[in-house]
Amino acid sequence: QYPLQLIIGSRFRCDDGLTFCLLAKNREGYAAISDLITRARMRAPKGEYQLRRSDLEHGVADSLCIWLPDEESAPDIADALWLNARFAGNCAVAITNTLLADDRARQRNLAAIADELQIPAIATNAALMHSRNLKPLHDVMTAIRLNTTVAAAGWQLQANGERHLRPIATLQRLFAPQWLDNSVQLAARCQFSLDELRYEYPRELVPEGETPSSWLRTLTLRGVATRYPGNDADTDAARQKCLSLIEQELALIAELRYEAFFLTVHDLVVFARERGILCQGRGSAANSAVCYCLGITEVDPGRMEVLFGRFISKERNEPPDIDVDFEHQRREEVIQYIYTKYGRHRAALAATVICYRSRSAIRDVGKALGIEASQIDALSRAIAWWDKSSDMQTRLQEAGLNPDSPISRQYLELVNAISGKPRHLSQHVGGFVIARDQLSRMVPVENASMPNRSVIQWDKDDLEALGLLKVDVLALGMLTAIRLTLDHLNGFHGWQMRVADIPKEDPATYEMICRADTVGVFQIESRAQMSMLPRLKPKRFYDLVIEVAIVRPGPIQGGMVHPYLRRKQGLEPVTYPSKAVEKVLERTLGVSIFQEQVMKIAEVAAGFTPGEADLLRRVMAAWKRKGGLEPFRDKLINGMLQRGYDAQYAESLYKQIQGFGEYGFPESHAASFALLAYVSAWLKCHHPAAFVCGLLNAWPMGFYTPSQLIQDLRRHDVVVRAVDVTASDWLCTLERRDDGTPALRLGLRFSKHLTEAAAMRLVAARRHAPFTDIADLTRRAELSSRDIAALASADALAALSHNRRDAHWQALGLQRRSTLFADVQSDGVSARLRAPSEGEDIANDYTHLGFSLRRHPLALLRSRLQRSCTATDLEALPDGSQVRASGLVTCRQRPGTASGVVFVTLEDETGNINVVVWSHLVERQRRELIGASLLTVLGRIEKQSGVTHLIAEKLVNDSHLLGNLDTQSRDFH
């Protein structure tokens, strides 16, 4: 409505207090200001900057400088003289009027300085908010920034609410006409637009004598020879299909000049593989034959349908997006390779804006208002992610606050006002920007919180809007776990197995998957996936691709899950409205499951071009937030009607597109993840000890805690051995049993508060000679009192003591001996303390290890649980049985597609119990549902397709029975 020009600039404060604003006149001015910001930021820790007057000694090219005199003291003409000498002809004095008592006198002084130096005086609002009524919110945000309360902030708060955007008529009353005219004239000199920013790719990836296009072709064709060895009919057909796709892709890549982007990502993948770092591309990039032949992705376009338009399109005309996952424990090696290769001046990570959500808003605003910390904690715990603003008064009352008091009402208003607004700038998970020359002339760069990292100041979405290249160097824990598992297997058996050596389409693996025996398996380990597996019954790889994609909000909201299952089970016929649609949907039995299918149907059935189909996908992904789907509805339905399709089918397809929303999975992405799902499932099926060893050594990662992984492994009859200073390494290891099979030895890393350095000294000392007692261990491993106490608490000293209490007693008696007494021996006399009870030992295990190899806590409490059934009992009971069951809460989930239903997983000594809590019960028994660690459920058994659920009718919080047992649950992730 008001086409205002965006003026780019920044406010600066030198270390001696000199304050000014720089505005960019043109592209060169923008680059100079951006570079100045970078220099100041890179001198200081994240969130701070250090600017010296020497940085401005020669001015800042093509920039306008506005002097901002210190409001707390009289204006110093020396500062104006200094700035004017460096910005001759480009300097101005800012005059404000916030209706304070001394504003008129201050204006006269500044106007006199401007006249004396013959530089313009300009009128400015010095605005901090767009509306006066936001003053309370500004005060709260100031207090948050200063880490204090509003009451204690005092003079650091604005004196009034006048620093807001004021109407022209008001400005004309407050400022001299000449000052206003000077402001307009100054603004007119700023002609820079962000549209002038142009990304340029790195140069050094192309050898002498080659062009980016020729070198990309060479590398791609080399990859074809590697990917398709042999001359059998199937390989020849796949090779020819791939070559045809490559020619089409290379032509479009050359036209859009994206060759260097592919070469950049290929270089990273080559680096990782040369160092034995597992990596795999995913997302839309898996729709590319070029990416497959370069080794970036693993989805074979010769044997699967791919849609390059999902990855790159001429109509979209923006850089492609290639996500590459690397082992999460070794990704830093790849990141540092980028910094080393291109330099910190050319490469930096993207940023992401973190906005306030309910709990962070409650905590920060509460602290700023001076509310008691205990009440803030209680309110924060009572809030669930699905709560609406109208629920907050009830939550306030539950937290002990009077919802009708003025402070509570203001608290709620401010929490609602700040929610959704930026909280801080964080580091993107792995998006790198790499420039041809100096990155800081394109975007400001600052130090990251982590050492040896730098971050640009723009959000990842800003990069896309401006067409800047971002290479996503992502971390994936499962890749680490797979590599570690193979290392354990190869070390134990003397093999040299690689991922490529894992047999394809193994029946035993698919049989295990169909039983939903998938704890720890990538992507198909969640509660929802486990419920789907016995119904979908994957028997081949493509079934696994569908399984990964179908348990998603998109297919669920689009009403595609049940039709697919009915057709898969032969309960309804598979039909197609035309041969063209059949070709698109035949592999998914006539049901649209993937984004690529929706795009392809739009092409073949409604006449969309590939670029228009991709625009449909993009609008489809954001229509709930931004709208804009209606124009595509008319084109889609009219196009289908013109081509003879039934109106009902056309309308149903449109509704499916609406259901997909931003949650639809691309087939290429599902295929990439399905590859890892199969590999991890095969390892679990055939080598469970090594697999869990890899998972535990890669932890933290995945869906399950170490306790759950260990319990699942023991249910598979694998021996798990305790953390023990006489046998454990820092990481978990495999030990050979008498029958030659592996047992899992838990590592010292699970002993809380034990440092890795202390553990490594312990292991090194043990290699020289076994430990004779705790004193010998302490002396030779040079352990501190904290280290030895941590080992005693974890019961890792059991082999050197009578019991946990005895170990603690001995640890208390030990002090680091000086070298004078290092050889003095103990007299061997020690007190024999009563051993802890089994319950005490279990509680200590959970507190100091996070798990226990002793009996499950529910086994001890079974007699006190009033005839509660076990997980095994529930499996044996018939459908519809009324039962009572109890267990430790390990997981709570509330999917956005479940209409308010909460799914709870309980764990007892025999296994897991899947509980369904309908929305009406969620609200009625919210405290029990959210607050219980030990939950008893009264309800009805429901069995369907081999899956057992307990439908809750009443919830009881029995957490008091646990005493001081410390358990954790994974809630609402």
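**Reading cysteines and buried residues**

Tutor: Let's start with Cys21, which counts as buried because its relative accessibility is 15%. Keep in mind that this is a predicted model.

Student: How far is the sulfur of Cys21 from the closest cysteine sulfur?

Tutor: A disulfide calls for two cysteine sulfur atoms within 2.5 Å. For Cys21, the closest cysteine sulfur belongs to Cys65 and lies 8.2 Å away, so the pair is too far for a bond.

Student: Let's turn to Asp364. Is Asp364 buried or exposed, and why?

Tutor: Buried means under 20% relative accessible area. Asp364 has 11% relative accessibility, so Asp364 counts as buried. You will find this residue in helix 13, which spans residues 358-369.

Student: Which residues is Asp364 in contact with, leaving aside neighbours within four places in sequence?

Tutor: Ile144, Tyr356 and Arg423.

Student: Now helix 4, please. Which of its residues are buried?

Tutor: In helix 4, residues 135-145, the buried ones are Lys135, Leu137, His138, Asp139, Val140, Thr142 and Ala143.

Student: What covers the buried residues of helix 4?

Tutor: The cover includes helix 13, along with helix 5 (150-153) and helix 16 (406-418).

Note on methods. Residues are numbered from 1 along each chain as its sequence is written. This is a predicted model: local features need pLDDT of at least 70, side-chain atom pairs count only at pLDDT 80 or more; totals for chains, interfaces and linings use all residues. Side-chain values use heavy atoms; hydrogens and water are left out. Helices (H or I, at least four residues) and strands (E, at least two) are DSSP runs, numbered from the N terminus. Buried means under 20% relative accessible area, exposed over 50%, partly exposed in between (1.4 Å probe, protein chains only). Contact means heavy atoms within 4.5 Å.
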